[in-house]
Amino acid sequence: MGRSILFEGAVFHSGTSEKESFSYMLVEKGRVKALSSSRPDKSLYSRCINLGGGHVYPCLIDCHTHLLYTIVAAAMGFDICSVKGGRVLPDTMAGVEARLRDFAAGKKPGRLLVANNYIPSAIDQRRLPSRQELDNWCGGRPVVVYTIDGHSSALSTAMLEKMGISPEGHSGILSGEAHDRAQGRLTDIIASAVSPAVLARGLAAVENSCADFGISHLGALDGNGDSARDFTTWLLVQLARRMKIKVRFYPQYFDVERAEKYRKYQLHPRLGGCGEWEMDGSTGSRSAAFSRPYKDGSSAPCYYSRQQVERQVELADSRGYQIASHAIGDCAIERICSALIKTESGRLHRLEHGEFPNSSCLEMYRSGRFAVVAQPGYSWLDKRFLHSYEQLLPDELLGSLCLKSLVEAGVCLCGSSDSPVQSLDPYLQMAGMVDFHRAEESISAYQAFRCYSLNPAAALEEAGDIGSLEPGKEANFFVADRELFSLSAGELTDFRPRRSYYLGRPWKRRRGSLWELLLMLLGPCHKI
């Protein structure tokens, strides 16, 4: 009798097309051996597992997260704003004050406080809290408050001092490039407050969340060029190599030489992401580089000159690196795309975000030379609850938001969370694709699913191993009660798998104990 395991009692969707499905799946040594519509001969398997009805899908891939901060935020941070009953709450500065006071009240004096998901466009005063307000509300503790887009922050006096920034005459607010270029120091300070117990809880929370959502692989865009030693990135790499959820690491160093020390740990040489590879900032902080001014008349430049970008892209490509680079405004998109399209290695490079391409950028998108990794869940939230695009951008720029046009042009379009900027929840991103900010640019639920399966597998250069259920590929799959490809946007936001399987084995929830962390650190390593 064969050593394969037969899975039955469900509809098995391969993911290679919307309609293809099977009744049985054979798994051997963690990989799919065969799928069939008729029951295989008993000689081909040694054990049978009935999944109890429902639908089976290949596990999902989130190829754009900031993993270290996701782990830290899961263990010691909290979200200020959330969407409840069709509203963003709190929506007043008094409500923000109450949330921060409550959070600080249970913490020891001097304890560092990290607050995420602050939505300025939904607050009555349309601003971040000042340094003096944070000092008053949080008892003089070191505090950092991050906006929902992750490109602006408010810092208390104690936090500014920890960063070596004189608080004299400083509002405590960092935005755009000033914020983006300080993230290494901020991350070092936050990481220094993370105990082994906090780390254990954060790791468990992230891996359990991935299993809850049916995610098997995470792209980790981490590393801070403004941190001299950047010990936290080294620590992340050691953890990522031992995680059960598979991690693919992109060091965010513009300095190619600095990335070299991590090359030996990588499955494929990869480089970039956000951090030092940001061509611009964000729309919410008015630091995205557009060819037209914002509604208030302001504008923002690209962070690097054309010569700087072309030089570093050519160097990284010549060293064999796949390059990923953050660009949101059309000027920033054009700057990085015009450099990537000249590369000679033939590797599929990545454009992160790419929300507002102009016509020339769209032509470069269609070249097939790079993947576009977007977060449509943000625009879904913005259209319904935040309204920052309407408040900040002229109609001409809003009209350049596109999704369906990219899919129809054959662009390798990927959905991702940008966690912790947004939750790891992939179904929010799919909802944002099915009911896009511009309705005419919406795509089907199956097309959205491909943006979390086959397409990111290609973007990670691992389409031969992951992204679908086919013979020879890893048997990573989840079981759900509902048929995913027919769901509306509203139904997608409530969709959750029943159980996830990795290499044919069911996920066992992590407890987040120190003993579990120790066993993990002593366990086997894999390439990232």
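Residues are numbered from 1 along each chain as its sequence is written. Because the model is predicted, local features need pLDDT of at least 70 and side-chain atom pairs count only at pLDDT 80 or more, while totals for chains, interfaces and linings use all residues; side-chain values use heavy atoms, without hydrogens and water.

Rolling a probe the size of a water molecule over the atoms shows where empty space is left. A cavity is a set of points, on a 1 Å grid over the protein atoms alone, where a 1.4 Å probe fits but cannot get out, and its lining residues have an atom within 4 Å of a point. The whole structure holds four cavities of 30 Å³ or more, where a volume is the space filled by probe spheres set on the points.

The largest cavity contains about 480 Å³ of space. Its lining has 28 residues, and H66, Y69, G150, Q183 and P420 lie nearest the centre. Helices (H or I, at least four residues) and strands (E, at least two) are DSSP runs, numbered from the N terminus.

Helix 1 is largely enclosed by the rest of the structure, because eight of its 10 residues are buried, that is, under 20% relative accessible area with a 1.4 Å probe, protein chains only. Y69 is one of these buried residues.

The second largest cavity contains about 170 Å³ of space. It is lined by 15 residues, with D149, I328, E355, Y378 and D418 nearest its centre.

Notes:
On a 1 Å grid over the protein atoms alone, a cavity is a set of points where a 1.4 Å probe fits but cannot get out, and a pocket is an open set with protein on both sides within 12 Å along at least five of seven lines; lining residues have an atom within 4 Å of a point. Buried means under 20% relative accessible area, exposed over 50%, partly exposed in between (1.4 Å probe, protein chains only).
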